[in-house]
Each structure stands twice: as C-alpha cells, then as structure tokens.
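Got a protein model open and wondering where to start? Let's go through it in questions and answers.

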Amino acid sequence: MDLKGKKFLVIGGAGFIGSHVVDQLLQEDVAEVVIYDNFFRGRMDNIERALEDPRCRLFEHGGDILYPDILSKAMEGMDGVFHLAALWILQCHEYPRTAMDVNVQGTFNVIEACIKNNIKKVVYSSSASVYGNALELPMTEDHPYNNFTFYGASKIAGEHFFKSLGDRYGFDWVGLRYMNVYGPRQDYTGAYIAVMHKILDRIDKGERPQVYGDGSQQYDFIAVEDIARANILSMKSEATGECYNVGRGIGTSIKELTDTLIKLTGTDLEIEYKEAGLTFVTNRIGCPKKAAKDIGFEWTIDLDEGMKRLIDWRKSDIAALESRRKQVKGVGHDNR
Ligand SMILES: NC(=O)c1ccc[n+]([C@@H]2O[C@H](COP(=O)([O-])OP(=O)(O)OC[C@H]3O[C@@H](n4cnc5c(N)ncnc54)[C@H](O)[C@@H]3O)[C@@H](O)[C@H]2O)c1
C-alpha cells in the first residue's frame, strides 16, 4: 500500500512497540494516525510527542478491543490497521481467562471490525512464542508449533483467524512473529518486566546481576525501532496472507547479554548464578530470510547500540518519574 494520504488505526498504539509504530508512521506522508488503546499497559508518556502532530489523535470514544461497536466506529474511514493489543506471556500464564478474552476474542473483534469497515490491510503482531523451544535452528516460518504456553496458543489462534477470515473475506493481512524485543519505552515498573530491566535494576541498586541456570539460554534480541520499521514495511509491501519472523537471526546467551550490560553500565559487579527458575523457552533464534525477501526487512541496530539506547532512555525516564513524584508531593504540601 502506498501510505501517502492514507489513514491508519494503531490498536495498542500507546504501548511499547505500538508507540514506535505511531512515531514511524508520522514520519511518512500519511493523512491520519488514530491511536486505540485502553491503557491497560500503555502510557500517555509514550505518545505525548506524537499527539503534538496535528495528524495524530487518541480515539475519543474509548480504546478497548473488547467493545466491538466502539472498535468498529474507530475503524470508520481507515485504510490500514496495525493490531498490537495483547496481554503479555506472563499475564497469559497467570490469567488465561482474561487472555482468552483479550488476545483471542479481542483479535476476533478486530478482524470482524476490519471486514465491516473494508480495511485494506492489517498488520498483526504475532510472536515467536508460536514456536516454543527450537527443534531446529535457525527457526524458519515452517518450524512446528512447539508451543506450550497459553500466550503462544492465543497467537496461533490469531494467526489462523487471519488466515481463514482473510481468505474468506478477501482482505490483506500480514502476521509478524517478533523475536525478543527490547528498547526505549519498555515497561520496567510493572509486575511483568523483561530480563534486561531485571539486570539493570540490580546494577542500579549496587547488587550483583543474577543469571538463572548457567546463562546459556539464548534468544534473538531485536531493537524496538527495527520492529516498528518491519510493521511499516509490511503495510507498504505487496505481501499478504503470510507470517514472518522479525529478528536478527543472531543468538545471544543470557550470560552474553549480562556481560554486555555490565560493560555498558561500567559497573564492576560480577554475575551471581542462581538456580534455574520459571522459563518458558530456552533456545530461540529466528531465520530472517523470508521477511527480507518479501517485505524487504533487514535489521539495522546491533545489541550494543540498542542496549545503549535502552540504558539512556531508562535513566532519563527514571529521572522524569522522580521529578514528577517530587512535584506531586510539593503540590500536596502547598495545599495543606
Ligand atoms: N515485546 C516483545 O518482546 C514482543 C514479542 C513478541 C510479540 N509481541 C507482541 O507485540 C504486541 C505489542 O507488544 P508490546 O511489547 O508493545 O506490549 P505492550 O503491553 O506495551 O502493548 C500492548 C498495548 O495493548 C494495550 N491493550 C491491552 N489490552 C487491550 C485491550 N483490551 N484493548 C485495547 N488495548 C489494549 C495495552 O494498554 C498496551 O498499550 C503484542 O501483541 C505482543 O504480544 C511483543
């Protein structure tokens, strides 16, 4: 799709990845970008800058994919939809019933609204979790669904909803199976935080970074800015009816990751090895060739550069949160 003069709805657009999709869409010559989010995990901070652009707004009647009539209203007049709203793997693990509603029923609602509103193309955020642990490396898109998590199950369901209904109703769609995404705006304060933030949290407190097991578990880490670009390229491309890995195709072990964070933060703290805990997957590296061929996606940000950006953003975000807390306390004092 040529993006010039087109209108887009970004569902989950106030979240970590979605807000970067919004930013990159606004770098294109698009007519309108509407953000649809219920702020379950999204943050206003993530989209404040984007909302200063007159082409961008938050949908004014609501933002939950579980409200089909409001969702359908938000899609009126849109050309393309990016669907990123979902509960994350640990939330799905703890609350499968809610995950059933949001990831499964919610995705069905999105597709139904797309059909009703003649949306030309949808880019769906799937996940490499559909694969589970690698049976062979690198994992191509034909790798079996070796998944045992409810999160992965919900993403497999979503992919198949798109496959079946896209075929039946003739709308274009692409599913993106992201590998391990990291970068600015990644949640580090909530109940569910990613491994690099756990390591950085300990380093910040002057405690030794902990690695569970021997640290040989390896993943394909990819920067969020690259993931957002894969979304834009998917919308622009002719590709349809297919799922693509979005990763670098490079494995990094948790020990290597921790060593990189130790180097970049300049700490002299050493790794503390702990007994292995709850881990869903220990080995996952995606083959990036199909995405390169069909949507022209190639990664650009290496681990050192990406981690530097993450560390810098985290520092400035923590400082901004602290200063806001102080201001709020100050206001309280003045009012007394
Ligand atoms: N971050 C990763 O490493 C990763 C890896 C693979 C796949 N994904 C997928 O990418 C997508 C975006 O992930 P993220 O990391 O940005 O997560 P995120 O939690 O930051 O973003 C999801 C957004 O969806 C919103 N949302 C949740 N429930 C909603 C509902 N009922 N209605 C409307 N909005 C709702 C949240 O408020 C949030 O802003 C998700 O579908 C996720 O499963 C992420």
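Predicted model: local features only at pLDDT ≥ 70, side-chain atom pairs only at ≥ 80, totals over all residues.

**A tour of the model**

Q: Which element has the lowest confidence in the protein, and at what mean?
A: Overall, the mean pLDDT is 94, and 98% of the residues reach 70 or more. Confidence is highest in strand β1 (residues 7–11), at 99. At the lowest end, with a mean of 83, is helix α11 (residues 303–335).

Q: Which element gives the most residues to the shell around the ligand?
A: The ligand has 27 residues around it, and the closest are Gly12, Gly15, Gly42, Ala86 and Val181. Elements that give two or more residues to this shell are α1 (16–26), α5 (96–116) and β7 (180–182). The top contributor, with 3 residues, is α1.

Q: Which strands stand at the edges of the open sheet of 3 strands?
A: The order in this sheet is β12-β9-β14, with mixed pairing. An edge strand has a single partner, so one of its sides is left without a neighbour in the sheet. The strands at the edges are β12 (252–253) and β14 (283–284).

Q: In which sense do β9 and β14 pair, parallel or antiparallel?
A: Strands of a sheet pair through backbone hydrogen bonds, and either sense can occur. Here Gln218 stands opposite Asn283 in β14. β9 (residues 218–219) and β14 pair over 2 bridges, and the sense is parallel.

Q: Which residues does a cis peptide bond join?
A: Look in the loop between β5 (121–125) and α6 (150–169), where Pro138 sits. The bond has an omega of about -10°. It joins Leu137 and Pro138.

Q: Is Phe39 buried or exposed?
A: Phe39 lies in the loop between β2 (32–36) and α2 (44–51), and has a positive phi of about 60° although it is not a glycine. Because Phe39 has 12 C-beta neighbours inside 10 Å, it counts as exposed.

Q: And Arg185, is that residue buried or exposed?
A: Arg185 also has a positive phi, of about 80°, without being a glycine. Its place is in the loop between β7 and α7 (195–204). With 23 C-beta neighbours inside 10 Å, Arg185 counts as buried.

Note on methods: Residues numbered from 1 in each chain as written. pLDDT = per-residue confidence, 0-100. Helix = DSSP H or I, 4+ residues; strand = E, 2+ residues; numbered from the N terminus. Near = placed C-beta within 6 Å. Pairing = 2+ DSSP bridges. Buried ≥ 20, exposed ≤ 12 C-beta atoms within 10 Å, placed from the backbone.
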